[in-house]
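Visitor: I would like a close look at a single part of this protein, taken slowly and with the cut-offs spelled out.

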Amino acid sequence: MRPITATAKAQRPSLTVKTQTFLAFSLVLMSALVISMLLALSAHARQMPESFADLVEKLSPAVVNISSVQTVEARSSRSPFPPGSPFEDFFEEFLNRGQPNGSDEPQTRKLQSLGSGFIIDAKGLVVTNNHVIESADEVTVRTVDGEEYEAEVIGRDAEGDLALLRIQSDEDFPFVQWGSSGKARVGDWVLSIGNPFGLGGSVTAGIISAHHRQISGGPFDDFIQTDASINRGNSGGPLFDLDGNVIGINTAIFSPTGGNVGIAFAIPSDQARKVIAQIEEFGYARRGYLGVQIQPVDRMTADALGLDDAKGALVNSVTPDSPAEKAGVEDGDIIIEFNGEKVEDSAALVKVVSSLGVEEKATLTILRGGDRKKLSVVTGERPRPEDSEDTAQPSVTEELGMELSDLNGVLRQQFNVPDDVNGALVLQVAPDLRQRVARGDVIVEVNRKPVETSGDVSAAIADIRAEGRSAALLRLYRNGDFYFIPIPLGGDE
């Protein structure tokens, strides 16, 4: 009996320990499940906020309205009567009546544009788009409380469409922080505050629709797409994440009508932040530079060279005394990696080199004759067109809705235009033409006649108008291919 009793007594504490262990484990497991559920509910609540009111109240003081004024020469109206008509002199006299000195002196008028911006520093640094203040004689910043400040333009970056302003006050300004656009995911909520159609302090919300959108063919196109309602006047305004950080700068919309249709584009903050820091320090954006003319590797080129993948940047030529030449890069090399990062195409190489900066050490991985080679390079500074004596002044061809420039060495390098392609380079395009013509296109023919300069294009358009035609047929060079594009000329001047 004792052994049995003793055995029984010995087993009871063992059962109690197992039970306690099981209960403790169960409590821990249930606690973990409860915490997971709470985190999931919290994440769900974050993705679907009941209201943006607290966030708007916090951020709005740092978002500003920007108005710029540009003085331009007013174009005098031309007589509707044919040259030599007896009514022509009468018409001109009627127009000039009441004008000083018979109105032979050029008249001017002021053009005003509206946009948005945001303050990033308590001392009054304001970020906006370059196109909001470009060519402006006066720039005024108005805060949400109605205070107005005359703004100083610290610097602009036309290629990245960014500008930095400064306003001054005896008191500190409210400001917002940069966020990381790289961490933002497709489907995340975003908030936009800006000045659409002059209606300051307007708030809209939406989601990130896509990353890495290219819309104008520029060398630094890499936009965030959003369905938040963005309209004219929102340009330069901030795109916030739900932490209240700026992850994008609203800059363009896709719209057949001119109004919002749910597709808008913002410059990623990871890209903008670097450019703005350079503008603050140097007055302009300093970008890295190799000194090569490159083109993408298409499938046919890859087959011809025996490559498995149509990837990389094919070097057409190497600029003498450039960083690339000093590193040993040769014509015909294919650059497949830069600092360990794979180069998918020529556009990717331009972006990664430019973002690295100036006088930075890097490693190039190239394919030459089927062999991989690694080269060491020190980046130079990407040439700016305004610093070159060879740079022609852009001419505005209003008939086409484009800003054109003659080609030169700097522009050929900047837009990857081969030496055997001649014509007028497209620098800016009116919104209603962007589905046909892109920045960086080269007009090589007008109505099947070759053109060499922007002046040739203007002369050709004048001849077409004189013939009474309402459209022109342009032949464009774009990324190694040629296209025929018809362009309406609109009404007579």
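Visitor: In which helix is R412 found, and what surrounds that residue?

Guide: This is a predicted model, in which local features need pLDDT of at least 70 and side-chain atom pairs count only at pLDDT 80 or more, while totals for chains, interfaces and linings use all residues. Residues are numbered from 1 along each chain as its sequence is written, and side-chain values use heavy atoms, with hydrogens and water left out.

R412 is found in helix α9, residues 409-415, where helices are DSSP runs of H or I with at least four residues, numbered from the N terminus. With a relative accessibility of 11%, R412 counts as buried, a term that means under 20% relative accessible area with a 1.4 Å probe and protein chains only. Leaving aside residues up to four places away in sequence, R412 touches Q293, L407, V417, P418, D419, V421 and N422, contact being heavy atoms within 4.5 Å.

For P418 there is also a polar contact to describe: its backbone oxygen lies 2.5 Å from a polar atom of the R412 side chain. Such a contact is a pair of N or O atoms within 3.5 Å, of which, within protein, one must be able to donate a hydrogen and the other to accept it, and residues adjacent in sequence count only if both atoms are side-chain atoms. Further along the chain, L425 is 13 residues from R412, and the C-alpha atoms of R412 and L425 are separated by 9.1 Å.

For comparison, helix α10 covers residues 454-466, and its buried residues are S454, V457, A460, I461, I464 and R465.

Technical notes: Helices (H or I, at least four residues) and strands (E, at least two) are DSSP runs, numbered from the N terminus. Buried means under 20% relative accessible area, exposed over 50%, partly exposed in between (1.4 Å probe, protein chains only). The expected span of a helix is 1.5 Å times one less than its number of residues.
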